[in-house]
Amino acid sequence: MDMIRDLASKKAAVIFTKSSCCMCHSIKALFYEHGASPAVHELDQDANGREMEYALQRLGCNPSVPAVFIGGKYIGSAKDVISLHVDGSLKQKLLEARAIWF
């Protein structure tokens, strides 16, 4: 879990994904549309991916991907991020974490 916390705190926006996950792709696209450049960790392409996936599950990420962190804090999965986007608070969270500047 320390590896997850360390990676999640290195950039303002961090997304743990799998390359075959369509919801992961959608969440990454949403961040890019907002002008954010999140750190993306593809678990199925990382040597420690399986270990990171188990750590995400232990942190309460269910499903384990996409797992989104903003400002070092766990925001949630795809449904949580989409809910924040719909109610307008995703952009504010990205601004507060300095993941975007406008």
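Student: In the hairpin of strand 3 and strand 4, which residue takes a positive phi?

Tutor: This is a predicted model. Strand 3 covers residues 67-70 and runs antiparallel to strand 4, with three bridges joining the two. Two residues lie between the strands of this hairpin, and the one with a positive phi, near 60°, is Gly71.

Student: What is the strand order of the open sheet, and which are its edge strands?

Tutor: The sheet has four strands with mixed pairing, in the order 2-1-3-4. Each edge strand pairs on one side only, and these are strand 2 (39-42) and strand 4. From one strand to the next, the twist averages 25°. In short, the order is 2-1-3-4, and the edges are strand 2 and strand 4.

Student: Do strand 1 and strand 2 run parallel or antiparallel, and what is the bridge partner of Val14 in strand 2?

Tutor: Strand 1 takes in residues 13-17, and four bridges join it to strand 2. The two strands run parallel. For Val14, the bridge partner in strand 2 is Ala39.

Student: At what angle to strand 1 does helix 1 run?

Tutor: Helix 1 is formed by residues 2-10. It lies across strand 1, strand 2 and strand 3. Relative to strand 1, the helix runs at about 135°.

Student: Is Ser77 buried or exposed?

Tutor: Ser77 sits in the loop between strand 4 (73-76) and helix 4 (78-86). Leaving aside residues up to four places away in sequence, Ser77 touches Pro63 and Pro66. The cut-off for burial is under 20% relative accessible area. Because the relative accessible area of Ser77 is 5%, the residue counts as buried.

Student: Which residues does Ala78 touch, not counting residues up to four places away in sequence?

Tutor: Ala78 lies in helix 4. It is buried, with a relative accessible area of 8%. With residues up to four places away in sequence not counted, Ala78 touches Met23, Ile27 and Pro66.

Student: What separates the C-alpha atoms of Ala78 and Val65?

Tutor: Ala78 belongs to helix 4. Along the chain, Ala78 and Val65 are 13 residues apart. The separation of their C-alpha atoms is 8.1 Å.

Note on methods:
Residues are numbered from 1 along each chain as its sequence is written. This is a predicted model: local features need pLDDT of at least 70, side-chain atom pairs count only at pLDDT 80 or more; totals for chains, interfaces and linings use all residues. Side-chain values use heavy atoms; hydrogens and water are left out. Buried means under 20% relative accessible area, exposed over 50%, partly exposed in between (1.4 Å probe, protein chains only). Contact means heavy atoms within 4.5 Å. Two strands pair if DSSP finds at least two bridges between them. Axes are lines fitted to C-alpha atoms, for helices over the stretch in contact, and angles run from 0 to 180 degrees between N-to-C directions.
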